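Please examine the structure shown below before reading on.

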2 protein chains.
Amino acid sequence: MLDFSYQNGTRIHFGRNTERDAGELTAPYGQTVLLLYGQGSIRGSGLYDRVLLSLENKGLRVVELGGVRPNPTVELARQGIELCRKKRVDIILAVGGGSVIDSAKAIAAGIDHEGDVWDFYTGKAEPQNALPVGVILTIPAAGSESSMFSVLSNPEGQWKKGFGHPLLRPAFAILNPELTFSLPAYQTACGASDMLAHVMERYFSNTPHVHLSDRLCEGVMKTIIELAPLAIMDPEDYDVRAELMWAGTVAHHDFLNSGRETDWASHGIEHEISALYDLAHGAGLSIVFPAWMRYVVQGNTGKMAQFATRVFGFELDFDHPDRTAMLGIEALEDFYIKLGLPVRLCDAGIDEDRISEMARKATGDGAWTLGTYRTLDSEAVADILQLAK
Amino acid sequence: MLDFSYQNGTRIHFGRNTERDAGELTAPYGQTVLLLYGQGSIRGSGLYDRVLLSLENKGLRVVELGGVRPNPTVELARQGIELCRKKRVDIILAVGGGSVIDSAKAIAAGIDHEGDVWDFYTGKAEPQNALPVGVILTIPAAGSESSMFSVLSNPEGQWKKGFGHPLLRPAFAILNPELTFSLPAYQTACGASDMLAHVMERYFSNTPHVHLSDRLCEGVMKTIIELAPLAIMDPEDYDVRAELMWAGTVAHHDFLNSGRETDWASHGIEHEISALYDLAHGAGLSIVFPAWMRYVVQGNTGKMAQFATRVFGFELDFDHPDRTAMLGIEALEDFYIKLGLPVRLCDAGIDEDRISEMARKATGDGAWTLGTYRTLDSEAVADILQLAK
C-alpha cells in the first residue's frame, strides 16, 4: 500500500426533487451565479424553470451561458471566462453532464489566470485559485461532479486534454436520479462504460497489498455491470437509476484509489480517438479497454484473473490463471456488446488510417509514455489500436 | 435507496512518518494549539517529541493536556474547555485513539457553548460552532478521525452517551500505520471489533435496493476479518497494519451508509455495558453483536444470509436461508473468539444482576427505542442481554 493524501469535500445532495434546493445550496457562495448548460434539453424537460425559480427565490442574480457540446471545446470556456469577468460572477452552477461540468471548471479556474485557460491543459500553468462550482447532474458518467479533473478539446490541432487540481472539486453536487429517466439507451450505455472505466483505471494496478481498495472497486464494478442493462430495459426504475448514478460518482471520487498506483493509459488513448472522430467518450473506452487488456495481460495476469473471478464470477483455473483472465476480458467485451456499444474501431466506422497519428499524439511524439500497469510508448499504443481494429 | 446528503471534508494524510507533517497541517488554523493526549505512552515511544518538534518548527504555541482515559469522561472535557478559553487556543491536535479524539471534539464544540458540554450528549443543546480538530491516530478502531461523532462517559449516574454533528468532523487526520505496531494483541482485537461493528451497524438495514453500499460494506468487512488475525500474528507487518488502519477510517466515514437506514442498537446496548463495567468498547461489541443477531435474524433473514454468503463465503441454502444466516452468526462469533475477545457477558466477568438496569437505561426508561433493523424496547434489550449471558 502506498502513502496517500486524500480529501474530497464535495457535498452530495442526493434524491428526488433535489434540484429545488439549488438556490439554498448556491446562495452561501455569493450574489451572482453563472448558469451553464448544454444544448437546451433542460428547457424542454422543465428542469431549467425549476432551477431558475429556486435561484431567484433566494434573490440570486442569474447570468446564463448555454450551448456546451459533447467533447466540449476550450473556445466556449474562453467565452465563459470573459462573461464571468464582465458580470462579476461569484459561483458557477453547471447543469448537465461531464461536458458542462468540465467547462464550468475551466471557467472557474481561468478567471484569475492572466494567460490562456488552455495553459492548464498543456501543463504550462497551474490554477492559483478558482470560483466555486456547483453541479446539477443530468448524465451520470464522467464523475466530474466530485472529481478534481476537467477534460476539454481544442479544435486547433484536434487536441483533447485533461488536467486535475484540488481547486476543481465542485462545492456541491445535486443528484436527482429522476433527471436521468429520459436518457436514451445509447447515452446510458456510454455513461456506464465511462464510470466502469474510471474504476478499471484504478483497479488495474501493480501496487501490492491493496485488498481493501480492490474490494471497493470490485463492488462498484459489479454494481455497474449488474444494473446498466436494467436501466436500459426499464429507464424509469428509480432504484436502478439511483444506484447507477451514485456508482458514477463513487467511481471517480478518489476514495477507491487510496494507497494505489493508477493507470489511465486507456483514457489517454481514447482521448485521441474522440479528438479526431468526435465519438462519445464511453464508446471510445469500450473499444480501447478490451484491446488494452489483451495487450497488457501478460504483465500482471493475477490481477486480471482476480477481475474475472471476483467481478464476473468465473472459477479460477489454478493451473492456467491466464485462461481465467482471458474469460474476464471476453465477459467485459460481451457486456459492452449487450449494451449496444462498439468494441472495435470498425464498429464506430473508424478505419486504421490514422492509428499511427493517434499513437504519436497520445505520447506527445515520444515525449512521454502512458500507463503504469504496463508502460506504453508510441509503438505500444499503435499495437493496441491495431488490436482494436 | 433513500435520499441522502453526504459531505466529509476531512483530509487524510496517510503513510510512514506522516506525523512529521503535523506542524504544516496545523499551522493554517492558527497560532495556538492544544496538544491533547492520553496516558503518556506517546512520550515513551518518541512520538511526543516528533510532534512537538514539528509544531514548534512552524512557530506554533503549544498548550498541553494529557491524561485522557479509555471510556473518557466529560470531566476532562470540561477541564480542556477551561484551559482552551484561558489560553485562547485556535486548534486542538488530538494524539491518540477514539478516546482522545472524542474528548477533543467535546472541547472544540464546548468552548463557545454557555451551558455544560454534557448538554450536547443529552440532546439539550446543539453546537453552533467548534474549533478545528486535527488528529494523529495511534489506535485504529473508533473511526472518530473522520466521523462526526463523539462518545463520552459521565460518572454522575454512570452514563455513556454519544452525539453527532457535522461541525465535529476533524479538519485533518494523520495516519501512520507504523504507530500501531506496538499495539498489544487485545487492543488490536478490540479495534477490529469496533470497526467491524461500525460497518455492521450500517449493513444490517431493511432499506431495499442498496446493492452498491452493501458491496462496499462487504468489502470492508472481509478485509477486517481477513487481516485482523494477521495483525496479531505479525504486529509489525506494515501492509497489514496499513489496510486495517484505513479500514477503520472507511468504516465510519459515512460513505458506506449513503442512501440506507442504519441501526446502532448494538452500540446503544454496548454503551450501557461499558458505562457500568468499564469494559473496552470493542470487547463489549463482540458480546452484544452475536446476541443481537440471533434475536433479530427472523425479521430480515435475507440480509443475514447475504452476510453469511458474501462475507464468510458460505454457500446459500436456498431451501433454508435461515440456516445459512445462522452459519454467518456462528462464523462471526468464531472470529471474535479467534481474536481472544469475549462473546458472552460471563467471559468478561459480568454476571446477570444488572441486565434489567442496563436495558432500562438503554431505552431511557421507555422514553425511546433502539434500532431500525428491528425496533427494540427495554424488554427486547433485556432479552438480548440474556442471550449474551
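**How the two chains meet**

In this predicted model, 33 residues of chain A are in contact with 33 residues of chain B. On chain A, the side that touches chain B draws at least two residues from each of strand 1 (4–14), helix 8 (211–233) and helix 9 (238–251). Helix 8 of chain A gives the most to this side, with 10 residues. Sorted by class, the side of chain A that touches chain B holds 13 nonpolar, 11 polar and nine charged residues.

Strand 1 of chain A also pairs across the boundary: seven bridges join it to strand 1 (residues 4–14) of chain B, and the two strands run antiparallel. Within this pairing, Asn8(A) has Asn8(B) as its bridge partner.

How are the two copies related? In general, two copies of a chain are related by a rotation about an axis and a shift along it. Here, a rotation of 180° with 0.0 Å of shift along its axis superposes chain A on chain B, with an RMSD of 0.0 Å. That is the relation of a two-fold axis. In chain A, the C-alpha nearest the axis belongs to Gly9(A), at 1.9 Å from it. Because 100% of the interface residues of chain A are also interface residues in chain B, the copies meet through the same surface.

Attention now turns to the core. In soluble globular proteins, nonpolar side chains tend to be buried together. The largest nonpolar core has 270 residues, of which Leu36(A), Ile92(A), Leu36(B) and Ile92(B) touch the most other members. Leaving aside residues up to four places away in sequence, Leu36(B) touches residues including Leu65(B), Val68(B), Ile92(B) and Val100(B).

How values were computed
Residues are numbered from 1 along each chain as its sequence is written. Chains are lettered from A and ligands numbered from 1 in the order in which they are written. This is a predicted model: local features need pLDDT of at least 70, side-chain atom pairs count only at pLDDT 80 or more; totals for chains, interfaces and linings use all residues. Copies are superposed by least squares on the C-alpha atoms of residues with pLDDT of at least 70 in both. Two residues are in contact if their C-beta atoms, placed from the backbone, lie within 7 Å. A nonpolar core is a set of buried Ala, Val, Leu, Ile, Met, Phe, Trp, Tyr and Cys residues joined through C-beta atoms within 7 Å. A residue is buried if 20 or more other C-beta atoms lie within 10 Å of its own, exposed if 12 or fewer, and partly exposed in between; C-beta atoms are placed from the backbone. Helices (H or I, at least four residues) and strands (E, at least two) are DSSP runs, numbered from the N terminus. Ala, Val, Leu, Ile, Met, Phe, Trp, Tyr, Cys and Pro count as nonpolar, Asp, Glu, Lys and Arg as charged, and the others, Gly among them, as polar. Two strands pair if DSSP finds at least two bridges between them.
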